[in-house]
Amino acid sequence: MTQPAAADDPVAHCRAAIAAADEDLSLSLNYAAPADRARLAALFAFAVELRRIPASVSEAPLGEIRLQWHREALDEIAAGKQPRAHPVIAALAASGAVAGARGLLETMIDARARLLYEPTFTSLDDLQRFLADAEAPLAELALGVARAEECAAARALGEAHALARLAPTFAPDFAKDAARTALDLHATHAPALAALSPPAFGRIAYLALTRGHAARPQGEEWPVMKRLALVRAVASGRL
């Protein structure tokens, strides 16, 4: 696997990869407490790596090989072995993010295989099921150790954010319905996280962008308003 120039600083590599691939996560990372940033950068960059795989291979078996590479990398970290020579894997190992999170990380890996064989979605339910496994666990992972109801709420809000943000790309025919579903999910589950501490809120600040994405079901860019929305959310502590 190709190694970027920043490989000598795994966290710097992760932050650069996130900035290049995911504006929401990159902006959100700026509001995380300093003590959380290395772990979050590793998790967010791992998600970015998984997203790249389906579009980067010419045949499904090649994609399966890359997904298996990531599974085996997690196995080695969990076993306490020297991490593979890849900056994202090194950052994951150093951050301790894999401990207690193996199942969710593997759910994200397994979900990506679907796009190797079926890159299109036949219904909103089809898209929602995919995002519930491929994207939603990232929010629970980012939140970290929390009460069960908070973990469940974070995962539901992660699904809402993914629906609102990604439907225009993955399933434009269902984007308006996806936006409405995302808003319903957000309204239902955001109250469960209303009492988060500022550091905990900072770990999942990107979830506050769901409503802004839902207001743009054609996938319009909104860089300035997005930044303002995030500032307001962090200042108020409300998703």
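Biologist: Hi! How many residues are in the largest nonpolar core, and which have the most contacts inside it?

Modeller: The largest nonpolar core has 59 residues, and Phe44, Phe46 and Leu92 have the most contacts inside it. A nonpolar core here is a set of buried Ala, Val, Leu, Ile, Met, Phe, Trp, Tyr and Cys residues joined through side-chain atoms within 4.5 Å. Buried means under 20% relative accessible area, exposed means over 50%, and partly exposed is in between (1.4 Å probe, protein chains only). Helix H3 gives the largest share of this core, 10 residues.

Biologist: What kind of model is this, and how are residues numbered?

Modeller: This is a predicted model, where local features need pLDDT of at least 70 and side-chain atom pairs count only at pLDDT 80 or more, while totals for chains, interfaces and linings use all residues. Residues are numbered from 1 along each chain as its sequence is written, and side-chain values use heavy atoms, with hydrogens and water left out.

Biologist: Let's go to helix H5. Which of its residues are buried?

Modeller: In H5, residues 87-95, the buried ones are Pro87, Val88, Ile89, Ala91 and Leu92. Helices (H or I, at least four residues) and strands (E, at least two) are DSSP runs, numbered from the N terminus.

Biologist: And what covers those H5 residues?

Modeller: The cover includes helix H1 (10-21), helix H3 (34-56) and helix H4 (60-78).

Biologist: Ala91 looks interesting. Why does Ala91 count as buried?

Modeller: Because its relative accessibility is 5%, Ala91 counts as buried. Ala91 touches Pro10, Cys14 and Ala42, not counting residues up to four places away in sequence. Ala91 and Ala12 are 79 residues apart in sequence, with 9.5 Å between their C-alpha atoms.

Biologist: Where does Ala42 lie, and what is Ala42 in contact with?

Modeller: Ala42 lies in H3 and is buried, with a relative accessible area of 0%. Setting aside neighbours within four places in sequence, Ala42 contacts Cys14, Val88, Ala91, Leu92 and Ser95.

Biologist: How do H4 and H5 pack, and at what angle?

Modeller: H4 and H5 pack at an angle of about 30°, with their axes 10 Å apart. Axes are lines fitted to C-alpha atoms, for helices over the stretch in contact, and angles run from 0 to 180 degrees between N-to-C directions. H4 and H5 are therefore roughly parallel to each other. For the cut-offs, angles under 35 degrees count as roughly parallel, over 145 as roughly antiparallel, 65 to 115 as roughly perpendicular and the rest as oblique.

Biologist: Is that crossing of H4 and H5 left-handed or right-handed?

Modeller: The crossing of H4 and H5 is right-handed. A crossing is left-handed if the near helix is turned anticlockwise from the far one by less than a right angle, and right-handed if clockwise.

Biologist: Which residues meet there, between H4 and H5?

Modeller: Trp69, Ala73, Leu74 and Ile77 in H4 meet Ile89, Leu92 and Ala93 in H5. By class, that contact has seven nonpolar, no polar and no charged residues. Ala, Val, Leu, Ile, Met, Phe, Trp, Tyr, Cys and Pro count as nonpolar, Asp, Glu, Lys and Arg as charged, and the others, Gly among them, as polar.

Biologist: New topic: at what angle do H4 and H6 pack?

Modeller: H4 packs with helix H6 (residues 102-117) at about 175°, their axes 9 Å apart. That makes H4 roughly antiparallel to H6. The contact of H4 with H6 has nine nonpolar, two polar and seven charged residues. What covers the buried residues of H6 includes H3, H4, helix H7 (124-134), helix H8 (137-143) and H9.

Biologist: Last one: how do H9 and H10 pack?

Modeller: Helix H9 (residues 148-170) and helix H10 (residues 175-189) pack at about 160°, with their axes 8 Å apart. The two, H9 and H10, are therefore roughly antiparallel, and their crossing is left-handed. That contact of H9 with H10 has 12 nonpolar, three polar and one charged residues.

How values were computed. Contact means heavy atoms within 4.5 Å.
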